[in-house]
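The report that follows goes through one structural model, taking its strands, its packing and its pocket in turn. Please keep the coordinates open while reading.

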Amino acid sequence: MAVHDECKLKFLELKAKRNFRFIVFKINEKLQQVTVEKLGQPADSYDDLTASLPPNECRYAVFDFDFVTDENCQKSKIFFISWSPDASKVRSKMLYASSKDRFKRELDGIQVELQATEPSEMSIDIVKGRAL
């Protein structure tokens, strides 16, 4: 599975310049390539990301999560989310599962990985818990 250059470039912008809050990636089966589907603006929230994920199709996403630690320090962590809803096609789930590790290696700087098959598995409370 190839990774379109735009995926790496936009991820670097998210990581270094914080131009985006999140990025949703889609596998284009015809091209056998991972491409950028949606860019979340810096003012967008985690809810905007979850609303961008289709209810019955797989996607990858990265999210720049800002939080405050118990010691009152402002921090941020980059989450990699593998979205594979139960309602998606088996072929699609297998394709996303088999391509995930290679794609993730292309995105240098991921700090936390989250896999979800339904919205409750990637609630903001779970994200907060994994970030700390």
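Which residue in S5 is the bridge partner of Phe-63? The bridge partner of Phe-63 in S5 is Phe-79. The model discussed here is a predicted one, and every value quoted below was computed from it.

**The sheet**

An open sheet is built from six strands, whose order is S1-S3-S2-S4-S5-S6 and whose pairing is mixed. The edge positions belong to strand S1 (2-3) and strand S6 (112-116), and because each of these has a single partner strand, one side of each is left without a neighbour in the sheet. As a general point, strands of a sheet pair through backbone hydrogen bonds, in either a parallel or an antiparallel sense.

Strand S4 (residues 59-68) runs antiparallel to strand S5 (residues 74-83), and ten bridges join the two. Besides the pair already named, Asp-64 has Ile-78 as its bridge partner in S5. The two strands form a hairpin with five residues between them, and in the turn Asn-72 has a positive phi of about 65°. S4 also pairs with S2, again in the antiparallel sense, over four bridges, and here Phe-25 stands opposite Tyr-60 of S4. S4 is mostly covered, since eight of its ten residues are buried.

The residue pairs named above are collected here.

| Residue | Residue opposite, in its strand |
|---|---|
| Phe-25 | Tyr-60, in S4 |

Gln-33 has its place in strand S3 (residues 33-40). With a relative accessibility of 18%, Gln-33 counts as buried because the cut-off for that class is under 20%. Once its neighbours within four places in sequence are left aside, Gln-33 is in contact with Met-1, Ala-2, Val-3, His-4, Lys-26, Ile-27 and Asn-28. Between the C-alpha atoms of Gln-33 and Glu-106, which lie 73 residues apart along the chain, the separation is 13 Å.

Ser-82 is found in strand S5 and, at 9% relative accessibility, also counts as buried. Not counting residues up to four places away in sequence, Ser-82 touches Arg-59, Tyr-60, Lys-100, Leu-114, Gln-115 and Ala-116.

In soluble globular proteins, nonpolar side chains tend to be buried together. The largest nonpolar core of this model has 19 residues, and those with the most contacts inside it are Cys-7, Phe-25, Val-34, Tyr-60, Val-62, Phe-103 and Leu-107. At least two residues of this core are supplied by each of helix H1 (5-17), S2, S3, S4, S5 and H3. Another core, of 18 residues, lies apart from it and includes Phe-22, Leu-53, Phe-67 and Val-127.

**The largest pocket**

The largest pocket holds about 230 Å³ of space. Its lining consists of Lys-26, Ile-27, Glu-29, Asn-56, Glu-57, Cys-58, Arg-59, Ser-88, Lys-89, Arg-91, Ser-92 and Tyr-96. By class, three of the lining residues are nonpolar, three are polar and six are charged. Strand S2 (22-28) and helix H3 (90-106) each supply at least two residues of this lining, and H3 gives the largest share, three residues. Two of the lining residues, Lys-26 and Ile-27, are also among the contacts of Gln-33, while Arg-59, another lining residue, is one of those that Ser-82 touches.

Key:
Residues numbered from 1 in each chain as written. Predicted model: local features only at pLDDT ≥ 70, side-chain atom pairs only at ≥ 80, totals over all residues. Heavy atoms only, no water. Pairing = 2+ DSSP bridges. 1 Å grid on protein atoms, 1.4 Å probe; cavity = no way out; pocket = protein on both sides within 12 Å on 5 of 7 lines; lining within 4 Å. Points joined across faces, edges and corners; volume = space filled by probe spheres on them. Nonpolar A, V, L, I, M, F, W, Y, C, P; charged D, E, K, R; others polar. Buried < 20%, exposed > 50% of the residue type's maximum accessible area, 1.4 Å probe, protein only. Contact = heavy atoms within 4.5 Å. Core = buried A, V, L, I, M, F, W, Y, C linked by side-chain atoms within 4.5 Å.
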